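Good morning, and thank you for the time.

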Amino acid sequence: AAPAMAPAQAAQAPAQNEVLPGYWEYTTSAVGQRDTEQKCVRPSEINRFFGGLSTRRWQCAYPTREVGGGNARFEGTCTDHKNRRVNIRLTGTYRPDSFTFRGGAQLARGTPYLPASITARRISAQCPANAEYF
């Protein structure tokens with residue numbers, strides 16, 4: 001009986017560490033700017049939301065992405081509408097309904113990283129009718 005149970009347990013384990021779709025509120029803080037946004041994240045968008053969190057001001061891409069077991073590390077760049085680029089490094093923890101990443105933002109090559117963070121929490125499984133989608 002034990003071998004028959006093992007695959008079912010293995011199938012359930014990743015779900016405990018996956019970030020869930022739904023209505024999310026997240027706050028980004030970097031380079032002297034702090035923004036809080038609320039977005040509806042569809043199941044098809046959860047990987048893009050969690051793995052490349054962007055805001056109204058910044059579009060971000062994280063080529064270095066290590067995620068697993070409730071811990072994550074991201075390194076990449078964010079670009080604003082004026083084509084200004086910022087290097088980003090973040091590490092932290094996540095659960096299905098929240099995550100907190102801290103690290104730094106580098107304005108120019110060779111300069112120190114300034115403190116940066118992203119905190120997010122899932123407000124609800126269902127999105128309100130007037131929700132903005134991610």
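A term first: a cavity, as I use the word, is a set of grid points where a 1.4 Å probe fits but cannot get out. Its volume is the space filled by probe spheres set on those points. Please keep in mind that this is a predicted model.

The largest cavity holds about 220 Å³ of space. Of its 18 lining residues, Thr28, Ala30, Trp58, Cys78 and Ile88 are the closest to the centre. This lining comprises twelve nonpolar residues, five polar ones and one charged residue. Which strands supply at least two residues each to that lining? They are β1, β2, β3, β5 and β7.

Let me now turn to the sheet. Seven strands make up an open, antiparallel sheet, in the order β2-β1-β7-β6-β5-β4-β3. At its edges are β2, residues 33–41, and β3, residues 58–68, each of which pairs on one side only. On average, neighbouring strands of this sheet are turned by 20 degrees against each other, direction ignored.

Strand β1, residues 22–30, runs antiparallel to β7, residues 114–124, with eight bridges between them. Within this pair, Ser29 stands opposite Ser117 of β7.

How values were computed. Residues numbered from 1 in each chain as written. Predicted model: local features only at pLDDT ≥ 70, side-chain atom pairs only at ≥ 80, totals over all residues. Heavy atoms only, no water. Pairing = 2+ DSSP bridges. Helix = DSSP H or I, 4+ residues; strand = E, 2+ residues; numbered from the N terminus. Axes fitted to C-alpha atoms, helices over the stretch in contact; angles between N-to-C directions. 1 Å grid on protein atoms, 1.4 Å probe; cavity = no way out; pocket = protein on both sides within 12 Å on 5 of 7 lines; lining within 4 Å. Nonpolar A, V, L, I, M, F, W, Y, C, P; charged D, E, K, R; others polar.
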